[in-house]
Amino acid sequence: MAKIGINIATGSLQQEEIIIGIDLGTTNSLVAIIHPEEKKPVVIKEHDSSALVPSVIYFDSYGNAIVGSEAKKHLITEPQNTIFSAKRLMGKSYNDIRQNASFFTYKVFDDDTERLVKVQVGNRFYSPIELSSFILKELKQRAEHILKTPVNKAVITVPAYFNDAQRQATRDAGKLAGLDVLRIINEPTAASLAYGLGMKSDEEKTVAVYDLGGGTFDISVLRIANGIFEVLSTNGDTYLGGDDFDAAIVKRWMKEHRITEQQVAGDKALAQALRIRAEEAKVHLSTKDVYIGKVNDYPLQITRQEFITTIAPLVDKTIQCCKNALQDAELSAGDIDEIVMVGGSTRVPFVKETVSRFFGKPVHDEINPDEAVALGAAVQADILAGNNKDFLLLDITPLSLGIETMGGLMDVLIPRNSKIPAKTGRQYTTQKDGQSNMRISVYQGERDLVKDNRKLAEFNLTGIPGMPAGLPKVEVSFLINADGILMVKAKELRSGVEQSLEVKPQYGLTDEEVEKMLLDSITHAKEDIATRALVEAKTEAEQLINTTQNFINKNREHLTEAEINATGNAVKNLQDAMAKEDKDAIQRKIEALNELSRPYAERLMDKAISMAMKGKSV
Ligand code: AMP
């Protein structure tokens, strides 16, 4: 039965829970939803204010976190208490950011250089996850205030180059802010969705997303086919953006008025005023031909042509990144079907013209470049809410998929976060002579032992022709199609016998369960490694005992009584070590047994060869 909620604020009935799309940006963040009546994505904002919330957190003297424009006011006056660009710290250790440490005007704690960074404000420490959660909490509250309804679910975007740790950190930040993060999606994917690219199931396109913000530049090349967005390559410069345009204008003015570096270093107010005028000039020149302003007694002027000359080297840098991205994707500029412009700095007409000239076609700039990513996140949220049934956006597998191998170990065939559709195969063999069946058990999870993971299915490959252990070649292949259905096939390559099975990998797993499984894998990592080593040692021991006993039985008459007894003792010692579950002892006893049996195995081998040469066989 469907649940129907009543909105306490308005008294209206709500049938569906709202899912918001969040662009959690380095400089600004914003929220979008699908408009309930117009069915189109819209950013949410108070009537006259901007939808952009500066990603800045200010901690007042009581330790309260204030987020947004209010916080931004403290950037210059209280840099030590005002945190900006927290996104740059997500999933990073101090060593990762050491080179750019001077960029942060607040204290990035460097006590333990290997561990994830913390930010120190007064006597309190905050992780980047907590800092991002303050921003997300503010966005959630804003959305609730404007929509007059509780908001608990979200889709959050991240840069395409974010690694696993950074994606997980973003997810955790959402959780900390009281949001159920249904999906983390790539910013360029979201921007493409905002333009409706990839919304038709039979559409195949190669898209370049050019994202030039205030402080960062990203170029991503995506391949869209059958509703699947594949990131072919990413490139960029994490310290290049509109702020550098402003700095270049300031430099030009300083030169004109012979203002020295020392002068601005000693006069923070002058530095700040020049920077503000420079940004004003830049924005003005996006629509006008000349800017005229003033700071103190300095008249400030710049024409559009002068501005172009000033920023040209910076724009050239972005084009170089585009070239690199194309090269990595093994494409040329002409292979790109659509170019999507994202980020406030793509409003500069010279940027648009340069990019369009490079790719040889017009760029998409119809959507507000500050809003495209959030709007796309809202489109994705709508798909997840099930309102767009004929469109399925699957991107990655949330957990690893694999099969059970000797000793109950998990052998991963498709690692978590693999792109879908995915296909992979691996060869296995039998453990026993004449083994005619092989059980294939399919598991999902991150732990080293299958007993700690989730069993999805099991089947038997039967009819393997009798062969000595180790000879059959059983290829197990996994295929996940675009609908998230896993096909498992096992085939014995020498005889051609095969068996296959269809599995629904995610069936019944909630987001919380997935998260718990991931968390468990981290908590138990050490213990898992130890267990895996023990299981591997035991498996090796078992095989060695088997082979040794087979060997003795077959070759009794060629061995002395002493050799047989000594071998029996060594086998017994190894079995004792196995019973004690002592990995190191097992390895020592394996070594001892090998040492003992090697000479007579070699001796018999020589004998076999010499007899074979005489035309006989042993
Ligand atoms: P974002 O990080 O995407 O919010 O982009 C912010 C950057 O875009 C800042 O450097 C702004 O100065 C710049 N920006 C915003 N509007 C304009 C405009 N009309 N013309 C040029 N740059 C702009």
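Analyst: Strand 7, which covers residues 57-59, runs antiparallel to strand 9, and two bridges join them; two strands are said to pair if DSSP finds at least two bridges between them. Strands here are DSSP runs of E with at least two residues, while helices are runs of H or I with at least four residues, and both are numbered from the N terminus. Within this pairing, I57 has I83 of strand 9 as its bridge partner. Both strands belong to an open sheet of three strands, whose order is 8-7-9 and whose pairing is antiparallel. Because strand 8 (65-67) and strand 9 (82-83) stand at the edges with a single partner strand each, one side of each has no neighbour in the sheet.

Some care is needed in reading this, since the model is predicted: local features need pLDDT of at least 70, side-chain atom pairs count only at pLDDT 80 or more, and totals for chains, interfaces and linings use all residues. Residues are numbered from 1 along each chain as its sequence is written, and side-chain values use heavy atoms, with hydrogens and water left out.

Turning to the whole chain, its secondary structure comes to 15 helices and 28 strands. The radius of gyration, taken over C-alpha atoms, is 32 Å, well over the 25 Å that the globule rule (2.2 Å times the number of residues to the power 0.38) gives for 618 residues, so the chain is more spread out than a compact globule. Along the principal axes, the C-alpha atoms fill a box of roughly 110 × 60 × 55 Å.
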